[in-house]
Amino acid sequence: MTNVIQISRAERDKACVVALHCSLGSGRQWKALADELGRSHSFFTPDISGYGANGCALDLPLTLAEEVRALSGTLNDAKGPIHLVGHSYGGAIAFKVATCSPFAHRVRSLTLIEPVLPTLLCESDADRRLHARFAQVARDVSEDLWNGSVLEAIDMFIAFWNGSGPQDPLPASARLRMVERGHKLAFDFTAAFAEENVAVAAASLRVPTLLFSGGLSPYLTQRIVQRLGAIIDGAEVRHLSAAGHMLPLTHVSSVNPAIVRHIARADELAGVPLALEGAPAEAASLAEG
């Protein structure tokens with residue numbers, strides 16, 4: 001199911017926003033961002049296959065390309081240019097949409113918040129150790145899930161993503177929701193580790209890109225953001241030293257305004273050729289100035 005916030009007037013040429021949530025989450029995680037951007041853009045917050053209203057999906061994706069196909073209905077409904085926002089596993093899917101999908105040509109801007117793209121870290125010995133540790137976490141969590149030890153799997157998964165942040169206990173209602181959707185984690189790990197040639201894909205990006213990381217997050221995702229920032233031409237990197245992996249929820253006051261500004265700048269850049277169309281003299285004058 002897709003949650004849609006419609007703008008007040010029909011602006012067919014206006015870009016929309018598609019925001020993709022993290023594993024064990026749902027599109028509801030973007031409510032605060034939707035409240036800020038929903039007045040100016042159509043805002044789509046789909047539930048990724050296996051989560052939220054799509055929790056009963058039977059044919060679960062095993063690759064990021066399959067995740068994109070599962071979201072194709074929402075991406076087709078999102079008319080016009082797309083501003084993509086993705087967090088964690090949703091960030092990995094957003095990266096796939098922007099770099100290698102039938103929708104890539106429609107992407108106007110990209111915001112990635114600690115995307116889970118572990119195979120990017122296979123080029124140096126130090127980074128390979130991070131990759132290996134995450135691969136072991138994936139194996140341990142998946143083994144517990146296959147053995148029916150869902151609570152143990154959830155606890156291990158959350159403990160990893162807490163990084164060096166506070167180990168606050170989850171509310172019982174949140175744990176129950178996670179247990180109900182926990183089996184999808186094994187599929188998410190499989191898809192993330194199946195993605196190849198991430199560096200090459202990142203180097204091909206030609207849209208305004210904003211990257212976030214948190215200083216209390218696992219160093220795995222901090223390093224992924226560092227590497228993407230070095231590869232993607234013109235990428236803006238924001239590191240919040242006091243934030244953890246769930247920074248789009250815990251640090252809304254820092255994250256959301258930056259995303260809003262990023263999207264506004266991308267819209268302005270996209271509008272420049274339209275404003276100058278049919279006025280070559282003025283365009284030449286601006287270029288010379």
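A salt bridge is a side-chain nitrogen of Lys or Arg within 4 Å of a carboxyl oxygen of Asp or Glu. The model is predicted, so local features need pLDDT of at least 70 and side-chain atom pairs count only at pLDDT 80 or more, while totals for chains, interfaces and linings use all residues. Residues are numbered from 1 along each chain as its sequence is written, and side-chain values use heavy atoms, with hydrogens and water left out.

**Exercise 1. The salt-bridge network**

Determine which residues are linked with Glu 67 in a network of salt bridges, and where they lie.

Step 1. Glu 67, Lys 184 and Asp 188 form the network. Side chains of opposite charge can pair when their charged atoms come close.

Step 2. Helices (H or I, at least four residues) and strands (E, at least two) are DSSP runs, numbered from the N terminus. Glu 67 belongs to helix H2 (residues 64–70). Asp 188 and Lys 184 are both found in helix H8 (residues 184–194), 4 residues apart, about one turn of the helix. The salt bridge between these two side chains has an N to O distance of 2.7 Å.

Step 3. Buried means under 20% relative accessible area, exposed over 50%, and partly exposed in between (1.4 Å probe, protein chains only). Because its relative accessible area is 0%, Glu 67 is buried. Asp 188 and Lys 184 are both buried as well.

Step 4. Contact means heavy atoms within 4.5 Å. Neighbours within four places in sequence left aside, Glu 67 is in contact with Ile 48, Ser 49, Pro 61, Tyr 89, Ile 93, Lys 184 and Asp 188.

**Exercise 2. The nonpolar cores**

Identify the residues that touch the most other members of the largest nonpolar core.

Step 1. A nonpolar core is a set of buried Ala, Val, Leu, Ile, Met, Phe, Trp, Tyr and Cys residues joined through side-chain atoms within 4.5 Å.

Step 2. The largest such core has 61 residues, and Leu 84, Ile 93, Phe 95 and Leu 228 touch the most other members. Helix H4 (residues 89–99) supplies the largest share of this core, 7 residues. In H4, 11 of its 11 residues are buried, including Ile 93 and Phe 95.

Step 3. Residues up to four places away in sequence not counted, Leu 84 touches Val 18, Ala 94, Val 97, Ala 98, Val 107, Ser 109, Leu 110 and Thr 111. Another core, of 18 residues, lies apart from the largest one, and among its members are Ala 19, Phe 43, Ile 113 and Ile 259.

**Exercise 3. Two crossing helices**

At what angle do the axes of helices H6 and H7 cross?

Step 1. Axes are lines fitted to C-alpha atoms, for helices over the stretch in contact, and angles run from 0 to 180 degrees between N-to-C directions. The axes of H6 (residues 150–162) and H7 (residues 172–181) cross at roughly 110° and come within 10 Å.

Step 2. Angles under 35 degrees count as roughly parallel, over 145 as roughly antiparallel, 65 to 115 as roughly perpendicular and the rest as oblique. H6 and H7 are therefore roughly perpendicular to each other.

Step 3. On the H6 side, Val 150, Leu 151, Ile 154, Asp 155 and Ile 158 meet Arg 175, Met 178 and Val 179 of H7.
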